[in-house]
Structures are given as C-alpha cells and as structure tokens.
Amino acid sequence: MSAGPKPAHRLVQIQRAWVHWRHTARAGIRASELLLALVAAALGALSGLATVAVGTAAHGIQRLLYGIAADQRLSTIPSLTPIQLCALPLGGLILGLITWAWMRRYPGPIVDPVEANALRGGRMSARDSLFLGLQSVISNGFGASVGLEAAYAQLGGVIAALTGGALNLRRSDLRTFVGAGAGAGIAAAFGAPLTGAFYAFEIVIGSYTVANIAPVAAAALAGALVSRLLGADTLIFHVKVAETLSASHYVLFAALGLVCGFAGVAVMRLVALMDSAVSRAPGPRWIRPASGGVLLAGLAWFTPETLSAGHGAMHMDFAAQLGLITLLALLLAKTTASVVALGFGFRGGLFFASLYLGSLLGRLCMVALASAGVSLGIDPLAGALVGMGALAVAIIGGPFTMSFLVLETTGDFGLAAATLTASIVASLIVRETFGYSFSTWRLHLRGETIRSAHDVGWLRTLTAGRMMRIGTATVSADMAPAEFRERFPLGSTRRVVAVDDVGRYAGIIPVSAVHAEPDADGAVDRFAILRDASLTPEMTIKDIMAVFDASEGDELAVLDPAGRPVGLLSEAHATRRYAEESEAARRDLTGAA
C-alpha cells in the first residue's frame, strides 16, 4: 500500500496549479471582454462592501464620542458640550502618534489610485492602503472636517490592484481595474453608478475608451447595488430648476462656474499654505494633528456644521431659510475647518467638503442676486446644487462626474445641464490659472509633475540606464594616435570613450577622425568631442532628448555618479524606443490588439 504524496510534493503541485490557473485566467480575461466585465463586477461588489464598512466604522466612532443617533449625521448636532469638544484634540493625538510610529517604519508616501495609474501602471500597496483607511476613519470619526471618499477610492483601488496583480494582468488592464475599483467605491458612497463610472474615467484612469467602458460600468453598478442592499445612506435631493432654461440662465450658471473656479483655486492654495506653515512650526510632528484638533474644536463650538464631512449639514441647510450673513459665515467656517484639518495632518479628502462648500457658495450667489433685485426665476437651492458640482469640479476635477452626481441625486436633467455648463467653465478657469486638481497639486508639492491620471509612468521606464549600450570600449586620453589607430582600425567601431588617469570621462573620440590624420602626434585627447555633454543612468527620455538637442550630438556617454563611463546611448535608439512605447500606449488607449 503506497503512502500519499509527501507534503513538500503536494505543495509543489499546489504551486504549479496556481501558476497554471493564473496563466489561464489571464489569457481568458484578455481574450473576453465579458469575462473582464464579470471580474470587474465582483471587484465592484467588494469595493462596495469596503465602502460600507469604512462608513459604518467612522459613524460608530461618532456615535460613541458624540452620542448621536444611528440615523443622525454628526454635522447636524445642535451644540457640543466641553467634554465632547475634547474628542477632536484626542483624535488628533491618536492620529499623530500612530502616523509617527508608521512613518518611522515605513517612511515612503502612500500611493493613491491617481498616482498609481499615472506613474506605476496600477500597482498599489495593500499595507499602505489599509493604513490610509485607518487614518481616514480616525480623522472623520473624531469629527475632523474631512471626508471618507479618499478611503473609499483607495480601498476600492487596492482591491482591484491586488486582484489584477494576482492574475498577472498587463499594464492597461491593471489600470482599468484600479479605476473600476476606485469608481465602485465612490458609486457605493453616493448610490450613484454613473458618478462612480465617470469618476473612474475622468479622475483615476484619465481616459474614456471602448475598451474600459464595460468593466468600469459593471464595477460601478455592482458597488452601488451592494451599498443599497446594505441600506447605506446615499445622497438624494428633491430640487427642481426653472421649467425652461433660457440663455440668461446659462449665462448666470457660467458666471457661477467662473466664481467657483477661482474659489477652488483659492481653497487648494490655502491648504498648501497651511501645510507649509505647519511644517515649519517648532515641535514634534506627532503633536500637530492634536494642535489642529484644538482649533477645530473652537470652530465646532461656534459652528457644529464644520464637524466631519458635512453630509448632514448640507441636507439641513437645504431645508432651512438662510440669509446672506449666515451663508457667508458657514462658507468661511467650513473652508477654515477643511484647510486646518488637512494642513495640520488629519487624513481624508476634499470631495464632500467641496460639495458642501459649493452648495453654500452657489446659494450665496443666488441670494445675493435676489437681494440686489435681480430675479431670474431660479430657485436658490438649484443654484446651490449647480455650485456644488462646479466647485467640486474645480477642486477634484471631472465635469461629467459631478454633472452625473447632480443628475443621479436629483433626477433633474435641466439641473444636470446647468451643472455641466458651470462645471466646464470652472474646469477651464482652473486649468488656465492653476493647472492641477487637489490630488495632483499635492503630488506636485511632493515633486511630481503629473496633471492627471493619464499613463505617463512608461516614460519613466525609458531611462538612459535601461536603454544604453554597455561594454563600450574606453581608452586613456593620453594614448598616442598611432597606438589608437592600431588598436581601433577603420570599421571596427565608430566611437571610443576617452577617460583620464583616474577613469573619469574625458570625451568621445571618433575613430574616423583619428585615421583621417595619419601624421598626427601628441595624444588622442585632441580629437575628443562632447567633453561637457553626458547622461546619467536615471535620466528619463525627456531629459535625455533635451541633452541631445543642446549638445547636437548623435551619441552620448552615460556616466555613473563618480563620472566614470558605463555605456553609450545613441539618439536614434532613444527615439526608436520612445516611438515603440508610444505606439504601445496608443494601442492600450484605443483597445487595439
């Protein structure tokens, strides 16, 4: 009677089966758009579950700390006791300490879905994403003026990234999966599948193509369905715009978009200025969120609407009759709270804060016009919703995303058209005067140059170190020309790199130039060209081509940090590699095989 397979042999069989399954699944997904959409729908459902879990956790902390009811939003609380106000500094202290401990062990920045898709081909870290989710839950749960939407998108994106990585998907499919997962998280948060889908297209993927519409739409639908089945609190308004929109209405909404565009730029710059000022302040980093919590507690004492993201406050304000002074006070208080929260290190996003701020700004403009005697027959609440979408576009981006959000939360097509008008104007203003969304602006402050999630990561793989030709012949710069001609006869090679007596680069010597002067004496150093033009291994294609243009050379040496040559790179080869990668990116964008 034979014994069963040994444990080591069984493990090998399992590993082989796993590898075979991965290859089979990858081939099936790449060959079948239906299978790709089905997998994306499953990812969307998981993203929806993650969204509901994060929202429930944050709301549970709020119920524990502030004593609110299960169906109550924190920002609707009428007043706060001194003990409740202590929650904000306490939350800041907890957040500061765990972030300090985390950064000591993992000092690198956390990559969000936008950066992952723009620079890393969709690769994300599960460990970092879970920690960001924890930071967001603490920040929002203790009442800081930040939203959870960043955590929703982050967790949805990393679920998709891990799945795509396990399936070993190609770069374009993995980017689509990350966009689908992040979009599903947003769709689940608002109960709005079109909003989630276009969030993926416009903000996370950076393009809308035939190849990615099915998986993204399937994931967004699944995420929204899961949140509704679980009874999540979605964003629904019942407001109607004027029965018919005239030219004067569209001009008014375009003007509102103009105001929102400049307001969005102001908010983003204020966050950056606050962050810069706080970073220069004395004291340990871990104490900064607690200090910010003290300031937020002071604001909340006078204006509880500044607490948390502001979902409940926006609903409450829509149902109230608010005058100019009240609207202006709320707008300034919420802006200050959001800037302080982000500047002092609380973790979260400006997505919902920008919606609330936009609703206040839009309503403020409509009330101001009415007070000045200008009546266009538009409900101030309709102006609030248009402003909500326009300011969110100015800060977050995505004109269609926010227009569909208004459509799905109100069911009013006229209001959605008005929102699109204002959103386009706001987007143009931001692009012309600022050039970044909030997520890409914060990356810019970190030294990155991306302006959207469009895939530019492949450009950074085209480095001099990857493209150079190694094994290049070198000679001493003081070698005699006769010895050089004997060692390198015509036809043996085109160029030789000259080095000094310690091995540092001293120029490139054309072999033909030395042979053209058979009676030359001295050293071959006299024939050296491009002495001051060279590349380094980490240079990207953009920097490489700039050096070629400036030097007017057709082949340059690549030097290590000590100045020693490690290879040669020709302009023709660099240009050809760029063309090949550009064509591959174009095929991915169009869905071509």
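Modeller: Contact means that heavy atoms lie within 4.5 Å. This is a predicted model, in which local features need pLDDT of at least 70 and side-chain atom pairs count only at pLDDT 80 or more, whereas totals for chains, interfaces and linings use all residues. Residues are numbered from 1 along each chain as its sequence is written, and side-chain values use heavy atoms, with hydrogens and water left out.

Biologist: With which residues is Gly292 in contact, leaving aside its neighbours within four places in sequence?

Modeller: Gly292 has its place in helix H12, residues 288-302, where helices (H or I, at least four residues) and strands (E, at least two) are DSSP runs numbered from the N terminus. Gly292 counts as buried because its relative accessibility is 0%, the limits being under 20% relative accessible area for buried and over 50% for exposed, with partly exposed in between (1.4 Å probe, protein chains only). The C-alpha atom of Gly292 is separated by 8.4 Å from that of Leu88, although the two are 204 residues apart along the chain. Leaving aside neighbours within four places in sequence, the contacts of Gly292 are Val340, Phe344 and Phe346.

Biologist: How many helices and strands does the chain have?

Modeller: The C-alpha atoms fill a box of roughly 95 × 85 × 55 Å, taken along the principal axes, and 51% of the 593 residues count as buried. Among contacts between residues at least 6 apart in sequence, 73% join residues at least 24 apart. The chain itself has 25 helices and 5 strands.

Biologist: How far apart are the end C-alpha atoms of helix H2?

Modeller: The expected span of a helix is 1.5 Å times one less than its number of residues. Helix H2 runs over residues 33-66 and has 34 residues, so it should span 50 Å, which agrees with the distance between its end C-alpha atoms, 48 Å.

Biologist: Which residues have the most contacts inside the largest nonpolar core?

Modeller: A nonpolar core is a set of buried Ala, Val, Leu, Ile, Met, Phe, Trp, Tyr and Cys residues joined through side-chain atoms within 4.5 Å. The largest has 108 residues, and its largest share, 12 residues, comes from helix H16, residues 380-395. A second, separate core of 21 residues includes Leu462, Phe548, Leu556 and Leu559. Inside the largest core, the residues with the most contacts are Tyr66, Phe190 and Leu355.

Biologist: At what angle do H16 and helix H18 pack?

Modeller: Among the residues of H16 that meet H18 are Leu385, Val386 and Gly389, and on the side of H18 (residues 413-433) the partners include Leu415, Ala418 and Ala422. The residues of this contact divide into 11 nonpolar, 4 polar and no charged, with Ala, Val, Leu, Ile, Met, Phe, Trp, Tyr, Cys and Pro counted as nonpolar, Asp, Glu, Lys and Arg as charged, and the others, Gly among them, as polar. Axes are lines fitted to C-alpha atoms, for helices over the stretch in contact, and angles run from 0 to 180 degrees between N-to-C directions. The axes of H16 and H18 are 8 Å apart, and the helices pack at an angle of about 35°.

Biologist: Against which helices do the buried residues of H13 pack?

Modeller: Helix H13, residues 311-318, is mostly covered, with 6 of its 8 residues buried. The buried residues are His311, Gly312, Ala313, Met314, Asp317 and Phe318. They pack against H7 (149-166), H14 (324-343), H15 (351-371) and H16.
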